[in-house]
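Please keep the structure open while you read.

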Amino acid sequence: MRSIPSCVRTGLLGLILAVSLAVSPAFAASGYDYSDSWWTPTESGWGLQFVQQRDIVFASLYVYGPDGTPRWYSGALGFTGLTAQAHTPNYEGDLYQTTGPWFGAPVFATSAVVYRKVGTMRVAGDSMTRATLFYTVDGVAVQKAIERLTFRFDDYAGGYDGAFVVTTSKCTNPANDGTRTLPAALTVTQSGTSMSIVAALPGKVCTYGGTYSQSGRLGNFASTYTCTNGEFGTLFFEEMNVQRFGFMGRLFGADSAGCRTDGNFAVARP
């Protein structure tokens, strides 16, 4: 079983604490990344792209006009607040149509680009994977239920070192309630929708097994688990996003001690 070297453990915990303390004014928006390809599954043929930087979402909408020819609209949407119940973000801004010089010209003449405001766009987040889209173009109002578009499953297989920051509550023994930072060494195996995570945690080794699913760039892992100290339960890993250097996400679940668990995690490839 892999273990975390003390120098790496100290560095990771210090980094996590530093990041958690360095909260920016736009954290409410930047903490919810909507960057992805989005669509309505029953209406394949149109869609939109969101690219988010901090509290701005640049939206590119590709649809068709009354004559059936392609139309391209875009806009920079600003963060307008969180939905009260779901705590998901909302964005809104002006929508534009652009025309310009031919793409095959030897030199692209920026001065020939014309921007025309056609209406507005608003995105109301229902969750991190679904939203309601509202937009207007030349007086025509449209409302659509949209979700992230998945092209291919990400690959999480490998070994990682990092930490879980978890809060336990409603435990049978109130002494077990509280927030803890747990250094962790993970080994992930994955085959299609089947996933397993073996986690070396302080005082125990836990094995999580279950079903992996994906919504656009975000992975989800619904697991049951057992640990070498006798603990067992269910744990859901959500909003996972893997990069070449590691992956992160949030988690929630319940254990055999009657505790509810909520938290976040970040792990890096050694």
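**Pocket, cores and salt bridges**

By class, the lining of the second largest pocket divides into twelve nonpolar, four polar and four charged residues. Here Ala, Val, Leu, Ile, Met, Phe, Trp, Tyr, Cys and Pro count as nonpolar, Asp, Glu, Lys and Arg as charged, and the others, Gly among them, as polar.

This is a predicted model: local features need pLDDT of at least 70, side-chain atom pairs count only at pLDDT 80 or more, and totals for chains, interfaces and linings use all residues. Residues are numbered from 1 along each chain as its sequence is written, and side-chain values use heavy atoms, with hydrogens and water left out.

**The second largest pocket**

- The second largest pocket has a volume of about 380 Å³.
- Of the 20 residues that line this pocket, T168, K204, E231, D255 and T261 are the closest to its centre.
- Two or more lining residues come from each of β9 (158-169), β10 (178-191), β12 (204-215) and β15 (246-255).
- A pocket is an open set of points on a 1 Å grid over the protein atoms alone, where a 1.4 Å probe fits, with protein on both sides within 12 Å along at least five of seven lines; lining residues have an atom within 4 Å of a point.
- Grid points are joined across faces, edges and corners, and the volume is the space filled by probe spheres set on the points.
- Strands (E, at least two residues) and helices (H or I, at least four) are DSSP runs, numbered from the N terminus.

**Nonpolar cores**

- The largest nonpolar core holds 25 residues, of which Y156, F164, L186, Y208, F237 and F247 touch the most other members.
- At least two residues of this core come from each of β9, β10, β11 (194-201), β12, β13 (218-227), β14 (232-243), β15 and β16 (260-268).
- A second, separate core has 23 residues, including Y34, F50, L61 and Y73.
- A nonpolar core is a set of buried Ala, Val, Leu, Ile, Met, Phe, Trp, Tyr and Cys residues joined through side-chain atoms within 4.5 Å.
- Buried means under 20% relative accessible area, exposed over 50%, and partly exposed in between (1.4 Å probe, protein chains only).
- In soluble globular proteins, nonpolar side chains tend to be buried together.

**Residues to look at**

- Y156 touches V188, Q190, M195, Y212, G219, M240, N241, V242 and F247, not counting residues up to four places away in sequence. Contact means heavy atoms within 4.5 Å.
- F265 sits in strand β16. F265 is buried, because its relative accessible area is 4%.
- The C-alpha atoms of F265 and F164 are 4.4 Å apart, although the two are separated by 101 residues along the chain.
- Beyond its neighbours within four places in sequence, F265 contacts A163, F164, F237, M240, F247, M248, G249, R250 and L251.
- N220 belongs to strand β13. Its relative accessibility is 18%, so N220 counts as buried.
- Leaving aside neighbours within four places in sequence, N220 meets T211, Y212, S213, S215, F237, E238, E239 and M240.
- P101 is in the loop between β5 (89-99) and β6. With 23% relative accessibility, P101 counts as partly exposed.

**Salt bridges**

- The count comes to eleven salt bridges, each being a side-chain nitrogen of Lys or Arg within 4 Å of a carboxyl oxygen of Asp or Glu.
- D33 and R217 form one of them (3.8 Å, N to O). D33 lies in the loop between α2 (27-30) and β1 (36-39) and R217 in the loop between β12 and β13, so the pair ties together parts that are 184 residues apart in sequence.
- D33 is partly exposed at 29% relative accessible area, and R217 is partly exposed at 27%.
- D138 and R116 also pair (3.0 Å, N to O). D138 is in the loop between β7 (130-137) and β8 (140-148) and R116 in strand β6 (residues 114-125), so parts that are 22 residues apart in sequence are tied together.
- R250 pairs with E239, their closest N and O atoms being 3.9 Å apart. R250 is in strand β15 and E239 in strand β14, eleven residues apart.
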